[in-house]
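Hello,

Here is the structure I promised to pass on. My notes follow below it.

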Amino acid sequence: MNIVIISGKIVSEIEFKFIYDRYGTKSKHTSISSCYVKLDNNSIILIYGYDCMADFMYRHLKDGDVVICSGNLCEDGYVYIDYISN
């Protein structure tokens, strides 16, 4: 994973889901939030936040907010967020 810092505008609704561990594997996360962010170069990326970050994203962010995020770029092309500011 690579560390990234991005700045952009949220262009979708914040999606919030609970993670249900039906197979008993003891997942280390209980909730997840995701949304799409449009960067300054007009590319659109998907960002994710787990647990406390998911709660913050769902409560405080909305479509159209300009945000600054730091996190990790994952192999699948999405960004796992460690910090976000609006």
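**Strand pairing**

C35 stands opposite I47 in strand 4. Strands here are DSSP runs of E with at least two residues, and helices are DSSP runs of H or I with at least four residues, both numbered from the N terminus.

This is a predicted model: local features need pLDDT of at least 70, side-chain atom pairs count only at pLDDT 80 or more, and totals for chains, interfaces and linings use all residues. Residues are numbered from 1 along each chain as its sequence is written, and side-chain values use heavy atoms, with hydrogens and water left out.

Strand 3 (residues 31-39) pairs with strand 4 (residues 44-50) in the antiparallel sense, over 7 bridges. Pairing requires at least two DSSP bridges between the strands. The two strands form a hairpin with 4 residues between them. In that turn, N42 has a positive phi of about 70°.

Strand 4 also runs parallel to strand 6 (residues 79-85), joined by 2 bridges. There, I47 stands opposite V79.

**Salt bridges**

The count is 3, taking a side-chain nitrogen of Lys or Arg within 4 Å of a carboxyl oxygen of Asp or Glu.

- E15 and K17 meet at 3.0 Å, N to O.
- R59 and D55 also meet at 3.0 Å, N to O. Both lie in helix 1 (residues 52-60), 4 residues apart, about one turn of the helix.
- D65 pairs with K62, with the closest N and O atoms 3.3 Å apart. D65 is buried at 13% relative accessible area, whereas K62 is exposed at 54%. Buried means under 20%, exposed over 50%, partly exposed in between (1.4 Å probe, protein chains only).

Best wishes
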